[in-house]
Amino acid sequence: MAEELHTRKVLEPLGWILQLLTGLLLAILITFHFFETHLIAHDALAFENVIARLTDPAHKVMYGLLLASVSFHAFNGLRAILLDTEFGARNTKAINILIVLVILGAFIYGLGLLFTF
Amino acid sequence: MENKDKSNMGRDVIFRIKRFDGEKSYWSDFVVPAQKGMTVLEGLYYIKGTYDGSLSFRASCRMGICGSCAMKINDKPRLACETQILQLNSSKIKIEPLDNFRVLKDLITDFEGFFAKHEAVKPYLIRKDDNYAEPVELIQKPEELHAYYDFTLCIKCGACFSVCPAAATRDDYLGPAAMAAAYRFNIDTRDEGRDERMFMVCSDVGVWRCHFAAECSEVCPKNIEPAKAIQKLRFQAAVHMIKKALKRW
């Protein structure tokens, strides 16, 4: 049974650890984001203020980190859900590859938008 | 007499039992004259002896040791021998076979896969110096015993497996009982077989499928907390696999 079922992958523990870390990071970054956009000033969401934030290098780094965390956390969660099904069990490799591509795609696309400012 | 607690007095209780005859499922109702201290298992024996000899259920020790009589009683997996009818405070008791197991007949489910998964994690001491001709005493401190003792109390009743959402969606998932057993032996200081056990625990059907719903700990009749064991085993598995990967590089 062990030989039949065994599929050791370092992706699983790394995925789990990164899911925990990105979860923590998201809690911090999203709290900061809401604090900055809703609690500090009334006009924080005015067009010129949004542009000012997005052109600031420190904000760019923060939003880049937020984007990376969200992309990984969301799609790795989706991967876990899919792998919990019989369909996922039959197509583990395809799902892993697809999810990595989707994570990279979402991150690169978001980064592209971020750096237009 | 008037001051006597009403819950201690005998009364008729309806047993609504989910039946399965190999082809179709149906419900049967039986009236059981319940007395103080009477268990659900005794009620089932009463039904079998009085109304319907074909009613099938599994039972053995009648004292919460063997784990044979686990079934869903009023929507929660419990041991029928440890559940007193009047303590359920219900005039109608719903009894069903455990979820996540194939039903063979009435309340009897197929445990073959469950035990195969248990066996797959090697739930026994593995020693490099096994010598049955000249056995040696293996010394262990009380605190080392206490670290895993609770997990030795598992009676393999399958209650944890029946409520596990991961086991419900993946037939090949090891399940809480098997992984709690793996953890129990992994942290036993006399054991030297962690690597062998991790082979299975780290696999696609092992710890990574658990999402910590913790229902297994909720329903365990021995309060073993398999969910806690799995979280600790998951950490062990992560360290083990990353170390292995780094060694390969």
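Reply: A nonpolar core here is a set of buried Ala, Val, Leu, Ile, Met, Phe, Trp, Tyr and Cys residues joined through C-beta atoms within 7 Å. Keep in mind that this is a predicted model.

Me: Fine. Which residues touch the most other members of the largest nonpolar core?

Reply: B:Met179 and B:Val201 do, in a core of 67 residues. Helix α6 of chain B, residues 176-186, gives the largest share, eight residues.

Me: Where does this core lie relative to domain 1 and domain 2 of chain B?

Reply: Between them, because both domain 1 (6-109) and domain 2 (112-248) give residues to the core. In general, nonpolar side chains tend to be buried together in soluble globular proteins.

Me: And what does B:Met179 touch, not counting residues up to four places away in sequence?

Reply: B:Val121, B:Leu174, B:Val201, B:Gly206, B:Val207, B:Pro226, B:Ala229, B:Ile230 and B:Leu233. Several names there come up again in α9(B): B:Pro226, B:Ala229, B:Ile230 and B:Leu233 are among the buried residues of that helix.

Me: Let's stay on α9(B). What do its buried residues pack against?

Reply: Elements of both chains. From chain A there is α2 (11-39). From chain B there are α4 (159-163), α6, α7 (194-201) and α8 (215-219).

Me: How does the end-to-end distance of helix α9 of chain B compare with the span it should have?

Reply: It agrees. The helix has 23 residues, 226-248, and at 1.5 Å a residue these should span 33 Å. The end C-alpha atoms are 32 Å apart.

Me: Back to the domains. How far apart are the C-alpha centres of domain 1 and domain 2 of chain B?

Reply: They lie 31 Å apart. Across the boundary, 14 residues of domain 1 are in contact with 13 residues of domain 2.

Me: Which element gives the largest share of the side of domain 1 that touches domain 2?

Reply: Strand β4 of chain B, residues 76-79, with four residues. By type, that side of domain 1 divides into seven nonpolar, three polar and four charged residues.

Me: What is B:Leu98 in contact with, leaving aside neighbours within four places in sequence?

Reply: B:Ala70, B:Met71, B:Lys72, B:Pro77, B:Thr109, B:Gly158 and B:Ser162. Take B:Pro77: it is 21 residues from B:Leu98 along the chain, with their C-alpha atoms separated by 6.8 Å.

Me: New topic, backbone angles. Which residues other than glycine have a positive phi?

Reply: B:Arg62 is one, at about 65°. B:Phe212 is another, near 55°. Most residues other than glycine have a negative phi.

Me: Where are B:Arg62 and B:Phe212 found?

Reply: In loops. B:Arg62 is between α1 (40-50) and β3 (70-73) of chain B. B:Phe212 is between α7 and α8 of chain B. B:Arg62 counts as partly exposed, with 17 C-beta neighbours inside 10 Å. B:Phe212 is partly exposed too, with 13.

Me: Over to chain A. How many helices and strands does it have?

Reply: Six helices and zero strands. Its C-alpha atoms fill a box of roughly 60 × 25 × 20 Å along the principal axes.

Me: Why is chain A called more spread out than a compact globule?

Reply: Because its radius of gyration is 18 Å, well over the 13 Å that the globule rule gives for 117 residues. Buried residues make up 15% of chain A.

Me: What about A:Glu12, buried or exposed?

Reply: Buried, with 24 other C-beta atoms within 10 Å. A:Glu12 is found in helix α2 of chain A. A:Ala80 is 68 residues from A:Glu12 in sequence and 9.5 Å away in space, C-alpha to C-alpha.

Me: Last one. How many residues of chain A are in contact with chain B?

Reply: 16, against 21 residues of chain B. On the chain A side, the elements giving two or more residues are α1 (2-5), α2 and α5 (86-90). The largest share, four residues, comes from α2(A). That side divides into eight nonpolar, four polar and four charged residues.

Key: Residues numbered from 1 in each chain as written. Chains lettered and ligands numbered in written order. Predicted model: local features only at pLDDT ≥ 70, side-chain atom pairs only at ≥ 80, totals over all residues. Domains from an automatic or database assignment. Contact = placed C-beta atoms within 7 Å. Nonpolar A, V, L, I, M, F, W, Y, C, P; charged D, E, K, R; others polar. Buried ≥ 20, exposed ≤ 12 C-beta atoms within 10 Å, placed from the backbone. Expected span 1.5 Å × (residues − 1). Rg over C-alpha atoms; globule rule 2.2 N^0.38 Å.
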